[in-house]
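Please read these notes with the model open beside them.

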Amino acid sequence: MVMAMTLRLTDEEQDGLKACAADFGISMQEVARQAIREYIVRVDHRSRVAGAADHILAVHADAIDRLGK
């Protein structure tokens, strides 16, 4: 499914987007789509790492507490 949206950018953001598109030889739309995909992966990774850290802290809370003393 393809959905359309309007993206409002500052002049500086638009200039940067144009420059990136020119550097990579792709459209501004494709640069924006790639950036969004990379952002989603990065946020998902951070969320999974935070969840794993919370799990480890919960499972090993007593040992971690003793090590801190």
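1. A pocket is an open set of points on a 1 Å grid over the protein atoms alone, with protein on both sides within 12 Å along at least five of seven lines; lining residues have an atom within 4 Å of a point. This is a predicted model, in which local features need pLDDT of at least 70, side-chain atom pairs count only at pLDDT 80 or more, and totals for chains, interfaces and linings use all residues. Residues are numbered from 1 along each chain as its sequence is written, and side-chain values use heavy atoms, leaving out hydrogens and water.

2. The lining of the largest pocket includes Met3, Leu17, Gln29, Arg33 and Ile36. Helix 1 and helix 2 (28–59) each give two or more residues to this lining; helices are DSSP runs of H or I, at least four residues, numbered from the N terminus. Helix 2 gives the most, with 5 residues.

3. Arginine 33 also forms a salt bridge with glutamate 30, with the closest N and O atoms 3.0 Å apart. The term means a side-chain nitrogen of Lys or Arg within 4 Å of a carboxyl oxygen of Asp or Glu. Because they are 3 residues apart in helix 2, arginine 33 and glutamate 30 are separated by about one helical turn. The structure holds 5 salt bridges.

Methods: On a 1 Å grid over the protein atoms alone, a cavity is a set of points where a 1.4 Å probe fits but cannot get out, and a pocket is an open set with protein on both sides within 12 Å along at least five of seven lines; lining residues have an atom within 4 Å of a point.
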